[in-house]
Amino acid sequence: MHAPHRTPQVSAIVPAAGSGTRFGAGRNKTLLLLEGEPLIAHVVRALGADPRVAEIVLVGKGNEREELLQAAAPACAPRVALRWTEGGAERRDSVRNGLEAADPASEILLVHDGARPFLSAVVLARVIDAAIAQGAALCTLPAIDTVKRVDAAGRVLATLDRREIHFAQTPQAFRRELGLPAYRRACAEGWPTTDDVHVLELAVEHGALPAVFAVAGDPANRKITVPADLPSARLETRPMSSAPPADRPSFRVGSGFDLHRMVPGRPCILGGVLFEHDRGPLGHSDGDALLHALTDALLGAAGLDDLGTFFPDTDPRWQGADSAALLREAWTRVREKGYALENCDLVVIAERPKLAPRRAEVRARIAALLEVEVERVNLKGKTAEKLGPIGAGEAIVAQATVLLRRN
Ligand code: MG
């Protein structure tokens with residue numbers, strides 16, 4: 001029988017003092033934008049994906065404190081504490097400051113580069129699991145190419161056994177009681193270290209730690225050092241404070257819904273087309289449910305509230321109004337904001353009138369009202385299987401989904 005044990009808490013230390021000189025951006029590269037978000041935000045979001053991570057300690061230069069925290073905070077999960085501590089002269093000193101600042105309740109301390117934005121939850125969990133089970137761990141990639149030892153003059157000295165060669169990535173993690181004393185000693189005695197786990201390897205050599213273990217990393221989890229590190233990602237070498245580029249289209253989606261009661265003695269208008277029917281939609285305007293749903297979807301996608309805001313049904317001007325005119329008025333406002341219609345998909349739910357025989361006509365009418373190609377307008381007719389008020393022909397429902405594009 002295993003005694004139940006609680007999940008160990010993890011503190012993640014993120015050195016984020018990168019000067020970006022190799023990147024050529026002349027500033028901290030963890031603040032550069034990747035897909036519209038600073039690198040540090042990607043890192044903070046990735047670390048928060050593991051429920052055991054309770055806090056993230058950013059380590060950086062004092063003059064960048066506000067900017068880094070502001071960049072990271074929106075991506076930080078609400079249950080994760082985001083903290084700050086000042087870095088030291090070398091990475092080892094910076095990491096040590098972060099470790100010292102971590103919540104003493106965290107049994108696992110983890111270090112992850114501020115410039116590795118592509119960390120997956122799987123790799124993160126694997127490193128944490130290994131640190132819990134074995135004391136200290138990092139993720140690595142096995143060497144694919146043959147590895148040679150070469151001297152300073154370029155002479156090949158040996159071919160190394162590739163199976164023993166692994167490239168180190170972060171995260172690197174360890175149990176607090178093993179890692180913290182090793183770091184304190186490394187800083188005090190000036191051990192020459194190249195990465196975080198190297199400190200622990202030296203601690204192994206000094207007999208202070210049993211072993212450090214490697215677990216499988218991920219080729220995608222690469223460190224951003226030069227622009228060529230991002231062949232597939234869109235990294236923008238501009239500071240986050242500048243305006244978004246004007247040359248990239250943006251898209252906005254909108255949805256609309258409308259229902260009208262069907263009563264005898266009203267003309268049956270649907271999609272701007274008059275249908276032959278013994279009843280029609282009751283409404284302040286002509287009651288064209290399909291055009292109302294479409295108008296709402298277009299206004300919604302553009303962030304312009306809804307039909308009722310523009311054309312209140314308390315206003316006598318819209319008494320018996322032609323809904324096609326209302327649509328055109330709203331569509332003008334949407335286009336004034338710079339949007340064009342990518343496509344719309346429309347659904348009418350009604351027992352009668354039957355839409356199918358005049359579907360092409362309604363599509364063409366709506367495309368003409370919007371001044372777009374008919375291929376951008378799709379229309380589907382459904383019934384309610386004779387169920388409820390729609391099935392009894394007492395009501396008609398329309399739904400619209402639209403996608404707007406702004407270049
Ligand atoms: Mg309506």
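Student: Which protein donors does the magnesium ion have?

Tutor: This is a predicted model, where local features need pLDDT of at least 70, side-chain atom pairs count only at pLDDT 80 or more, and totals for chains, interfaces and linings use all residues. Residues are numbered from 1 along each chain as its sequence is written, and side-chain values use heavy atoms, with hydrogens and water left out. Donors are N, O and S atoms within 2.8 Å of the metal (3.2 Å for Na, K and Ca); water is not among the atoms, so sites may look incomplete. Lying 2.1 to 2.2 Å from the magnesium ion, the protein donors are Asp258 (OD), His260 (NE2) and His292 (ND1).

Student: Is Asp258 buried or exposed?

Tutor: Buried means under 20% relative accessible area, exposed over 50%, and partly exposed in between (1.4 Å probe, protein chains only). Asp258 has a relative accessible area of 16%, so it counts as buried.

Student: How does helix α7 pack against α9, by angle class?

Tutor: Helices (H or I, at least four residues) and strands (E, at least two) are DSSP runs, numbered from the N terminus. Axes are lines fitted to C-alpha atoms, for helices over the stretch in contact, and angles run from 0 to 180 degrees between N-to-C directions. The axes of α7 and α9 (residues 323-336) come within 10 Å and cross at roughly 10°. Angles under 35 degrees count as roughly parallel, over 145 as roughly antiparallel, 65 to 115 as roughly perpendicular and the rest as oblique, so α7 and α9 are roughly parallel.

Student: What is the class for α7 and α10?

Tutor: Helix α7 (residues 289-301) and α10 pack with their axes 13 Å apart, at an angle of about 40°. That makes the pair oblique.

Student: Which residues of α10 does α7 meet?

Tutor: Contact means heavy atoms within 4.5 Å. From α7 come Leu290, Leu291, Leu294 and Leu298, and the residues they meet in α10 are Val362, Ile366, Leu369 and Leu370.

Student: What is the strand order of the open sheet?

Tutor: Two strands pair if DSSP finds at least two bridges between them. The open sheet has five strands with mixed pairing, in the order β16-β13-β19-β17-β18.

Student: What angle does α10 make with β18?

Tutor: Strand β17 (residues 340-349) runs parallel to β18, joined by six bridges. Helix α10 (residues 359-370) packs on the sheet and touches β17 and β18; its direction and that of β18 make about 140°.
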